[in-house]
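Group the points by topic and give the cut-offs behind each term.

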Amino acid sequence: MAGSAPAVAGPTPTPPARSVATVVPCPTTPAPDVSRPPRPAPPVVGPDERAVGGPALATAGLVVPPGVPAPPALTATSWLVADLETGAVLGGCGPHEPSTPASVQKLLLAATLLPRLDPRQVVTVTAADLDIEPGSSAVGLVEGGRYPVELLWLGLLLQSGNDAANTLARLGGGGQGAAGGVRAMNEQARRLGAYQTRAVTPSGLDGPGQFTSAYDLALIARVCFADPTFRRYALTERTQVPAQGRLAKGFQIQNENQLVYRYPGALGGKTGFTDLARHTYVGAAERDGRRLVVALLNAEPRPLRGWQQGAALLDWGFALPRDATVGRLVEPGEPLPGATPAAVASVSAPAVVPAGRDAGTPWSDLARPMLLAGAVPLLGVALVVWRVRRRRGSAGAARDGGRSPQPR
């Protein structure tokens with residue numbers, strides 16, 4: 001099977017002279033009609049970017065190995081299943097199609113800043129950190145409260161805290177604040193080969209021009225799940241937020257990713273929702289010594305919620321032979337197909353983003369070299385965090401990561 005051509009539809013990375021392949025539609029299940037804001041026009045994806053990971057992935061439709069069972073029918077419009085260890089892509093639907101991320105973008109924040117921030121450092125929360133849309137998901141941090149960085153990561157991953165995302169981005173952005181954290185996220189995305197990804201907010205709350213793809217999310221998730229600290233955070237079921245003197249009482253938060261509780265071998269992941277992005281999901285699990293990750297975008301929660309659609313894809317992936325593949329996840333620093341030597345050098349060169357400082361535990365000398373694992377300048381342009389106000393909506397929307405934005 002490893003030597004067989006994948007059953008794929010869609011354009012090849014360079015337009016063929018004689019014919020164009022037919023796009024094979026992805027299996028879908030009817031989804032309820034919903035009210036949603038107008039979707040922004042996605043950026044144009046060039047042929048070289050569509051070829052990242054292999055020519056078979058350059059399709060807007062379905063790509064699976066030949067002769068395998070059909071993947072499950074989903075409401076998600078794009079998805080990808082990959083092996084975390086080998087990087088093999090087992091199948092996908094529009095792997096490089098741009099879509100809005102919602103809170104799964106918090107994985108890019110983790111992939112960028114988790115190695116750079118001392119988990120013991122204590123951070124004082126500012127009013128700007130709490131500038132999130134009313135009703136969107138939050139840990140419950142308070143202005144003037146002092147929290148260890150580890151608690152902020154747990155709040156980010158368990159509770160999808162947009163307040164925690166802002167605080168971590170500010171801390172990691174150094175003198176540039178949260179905007180510097182977002183810039184570092186975009187630099188990291190480029191270094192990883194996630195060329196459809198552009199972050200505008202650290203939390204995934206919608207911002208103009210903010211996109212990602214299922215392939216990019218798998219690349220980002222692979223970096224996250226390679227970190228044992230991330231894996232520990234992602235599988236934490238509950239933790240205690242400490243009292244803040246007279247400012248706030250202590251309370252408990254729980255992991256809202258149901259895969260953790262309901263899927264044998266779950267490694268964790270991230271949920272997301274906005275009115276614009278709809279439901280998004282990234283999850284990973286281990287079975288018989290094999291670790292797979294799934295990423296899906298633009299899903300509706302009926303008949304299956306996002307994590308259940310992810311679980312169905314994981315079941316499908318685990319049922320495939322170990323040598324089944326249609327492409328691969330590229331390695332960090334790997335250039336685009338056909339890139340010039342100058343482009344290769346720009347992707348490979350590391351850059352340092354200064355660490356934010358606050359009263360608390362200083363960085364150790366051993367932690368400092370981790371800064372060098374950061375990423376490169378993205379045309380020298382720093383993205384400014386778009387401050388948004390979002391409409392009131394359902395409690396489920398707030399739980400998964402917020403609602404659609406209305407610019408102030």
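The briefing below goes from the whole chain to single elements and residues.

This is a predicted model, in which local features need pLDDT of at least 70 and side-chain atom pairs count only at pLDDT 80 or more, while totals for chains, interfaces and linings use all residues. Residues are numbered from 1 along each chain as its sequence is written, and side-chain values use heavy atoms, with hydrogens and water left out.

**Whole chain**

- The secondary structure comes to 11 helices and 14 strands, where helices (H or I, at least four residues) and strands (E, at least two) are DSSP runs numbered from the N terminus.
- Of the 408 residues, 54% count as buried; buried means under 20% relative accessible area, exposed means over 50%, and partly exposed lies in between, with a 1.4 Å probe and protein chains only.
- The chain exposes about 16,200 Å², of which carbon and sulfur atoms supply 58%, the areas coming from the Shrake-Rupley method with a 1.4 Å probe and, for residues, with only the protein chains shown counting as cover.
- Among contacts (heavy atoms within 4.5 Å) between residues at least 6 apart in sequence, 72% join residues at least 24 apart.

**The disulfide**

- A search of the whole structure finds 1 disulfide, a term that stands for a pair of cysteine sulfur atoms within 2.5 Å.
- C26 and C93 form this link, with their sulfur atoms 2.0 Å apart, and with 105 degrees about the S-S bond the link is right-handed.
- The pair links distant parts of the chain, 67 residues apart, since C26 lies in the loop between β1 (7–8) and α1 (47–50), whereas C93 belongs to strand β4 (residues 88–93).
- C26 counts as buried because its relative accessible area is 14%, and C93 counts as buried because its relative accessibility is 2%.

**Helix α6**

- Helix α6 (residues 214–225) has 12 residues and reaches 16 Å from its first C-alpha to its last, close to the 16 Å expected at 1.5 Å a residue; the expected span is 1.5 Å times one less than the number of residues.
- The helix is mostly covered, with 11 of its 12 residues buried, among them D216, R222 and F225.
- C224, also in α6, counts as buried because its relative accessibility is 3%.

**T236 and strand β7**

- T236 is found in the loop between α7 (228–235) and β7 (238–241), and it counts as buried because its relative accessibility is 17%.
- A polar atom of the T236 side chain lies 2.8 Å from the backbone oxygen of R232.
- Leaving aside neighbours within four places in sequence, T236 is in contact with L154, L158 and N255.

**Backbone points to check in the view**

- Most residues other than glycine have a negative phi, and most peptide bonds are trans.
- The peptide bond from R302 to P303 is cis, with omega near 10 degrees, and P303 is placed in the loop between β11 (290–299) and α9 (306–318).
- S160, which is not a glycine, has a positive phi of about 55 degrees; S160 is found in the loop between α3 (149–158) and α4 (162–172).
- R278, in strand β10 (residues 278–287), has a positive phi near 65 degrees, and R278 is buried, with a relative accessible area of 6%.

Key. Polar contact = N/O pair within 3.5 Å; in protein donor to acceptor, adjacent residues only side chain to side chain.
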